[in-house]
Amino acid sequence: MDGRKEKLSDQTRCGFVALIGAPNAGKSTLLNAMVGAKVSIVTHKVQTTRALVRGIAIHGNSQIIFVDTPGIFSPKRRLDRAMVTTAWGGAKDADRVGVLIDAKKGLDDEALKMLESLAQVKRPVFLVLNKIDLVKRDQLLKLAEEANSRSAFERVFMISAETGDGVEDLKTWLAGEMPDGPWLYPEDQISDLPLRMLAAEVTREKLFLRLHEELPYSSTVETELWEVKPDGSARVEQTIYVERESQKKIVIGKGGQTIKAISTAARQEIAEIAEHPVHLFLFVKVRENWSDDPERYREMGLEFPK
């Protein structure tokens with residue numbers, strides 16, 4: 001059952017579920033699977049979710065607001081510290097906290113550090129072992145037992161966010177755990193990210209996918225203009241900011257081929273989200289040390305670390 005159907009009664013439930021985990025544990029993929037649409041950036045690169053992305057799912061009379069937090073890891077740079085602080089902050093404010101562990105990786109150093117830090121989260125916590133399609137059952141049971149011995153989880157779920165296996169069971173359980181209360185968002189809304197920000201995230205994803213080796217994390221995308229034309233289409237102008245001239249050349253590519261490919265892929269997806277034709281124009285600018293600028297952090301929904 002889709003869940004986005006007519007409510008069965010007047011008694012509604014609504015609550016927040018934070019998803020935390022090490023980078024690449026599959027939080028964004030799970031969020032998108034729960035919502036039934038793409039609301040969070042998904043790439044094979046780690047640490048691509050920077051701010052708190054909210055995806056909104058409906059199941060029966062329950063509205064579940066998922067918070068996809070940045071991956072929790074050992075921070076080195078200022079941007080890293082801001083992302084980790086944001087992730088733990090999102091967990092502390094939720095009604096339920098889901099801890100995702102990559103079942104294939106098991107309890108590596110990052111996962112163990114995360115489990116140790118769970119004591120600071122004074123919320124009910126459930127465990128999600130993801131990527132079960134890549135692991136044998138006896139290994140899964142052993143992993144669940146070991147994780148349970150290190151932290152008190154109210155429930156354990158074994159899923160594959162990629163294939164959808166076990167996702168519906170998790171969603172059904174969460175729907176029943178949400179507190180009574182009115183829905184906070186309209187029934188047809190799937191995210192609270194403004195369209196301009198969601199569009200910037202789409203382009204940033206295409207940037208990562210295209211340049212996963214050449215381009216470091218020192219890039220960001222901002223939607224500067226969203227102008228709706230009389231024919232219903234939109235002119236969208238975005239700027240890709242990098243920190244060095246050499247990075248700008250990489251993004252543009254030989255004869256402009258790289259940025260053209262990024263623009264084509266991003267435009268198609270932005271048009272699907274916006275539900276009308278989009279004319280996308282991408283510009284690349286060098287902004288040295290943008291990752292030390294408090295204003296950039298505010299735009300990404302992050303608190304600037306001192």
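Reader: Why is Ser 263 called buried?

Author: In this predicted model, the relative accessibility of Ser 263 is 15%. The label buried requires a value under 20%, so Ser 263 counts as buried.

Reader: Where is Ser 263 found, and what is it in contact with beyond its neighbours within four places in sequence?

Author: Ser 263 belongs to helix H8, which covers residues 257-274. Leaving aside neighbours within four places in sequence, Ser 263 is in contact with Leu 280 and Leu 282.

Reader: How much of the chain is buried?

Author: Of the 306 residues in the chain, 54% are buried. The accessible surface of the chain comes to about 14400 Å², and carbon and sulfur atoms account for 49% of that surface.

Reader: What makes the arrangement of helices H1 and H5 roughly perpendicular?

Author: Helix H1 (residues 27-35) packs against helix H5 (residues 167-177) at an angle of about 70°, and their axes are 10 Å apart. Angles of 65 to 115 degrees count as roughly perpendicular, and therefore H1 is roughly perpendicular to H5.

Reader: Which residues make that contact?

Author: From H1 they are Leu 30, Ala 33 and Met 34, and from H5 they are Val 167, Leu 170, Lys 171 and Leu 174.

Reader: How many of the residues in the contact of H1 with H5 are nonpolar, polar or charged?

Author: The contact has 6 nonpolar residues, no polar ones and 1 charged residue.

Technical notes: Residues numbered from 1 in each chain as written. Predicted model: local features only at pLDDT ≥ 70, side-chain atom pairs only at ≥ 80, totals over all residues. Heavy atoms only, no water. Axes fitted to C-alpha atoms, helices over the stretch in contact; angles between N-to-C directions. Helix = DSSP H or I, 4+ residues; strand = E, 2+ residues; numbered from the N terminus. Parallel < 35°, antiparallel > 145°, perpendicular 65-115°, else oblique. Contact = heavy atoms within 4.5 Å. Nonpolar A, V, L, I, M, F, W, Y, C, P; charged D, E, K, R; others polar. Buried < 20%, exposed > 50% of the residue type's maximum accessible area, 1.4 Å probe, protein only. Areas by Shrake-Rupley, 256 points an atom, 1.4 Å probe, with all protein chains shown as cover.
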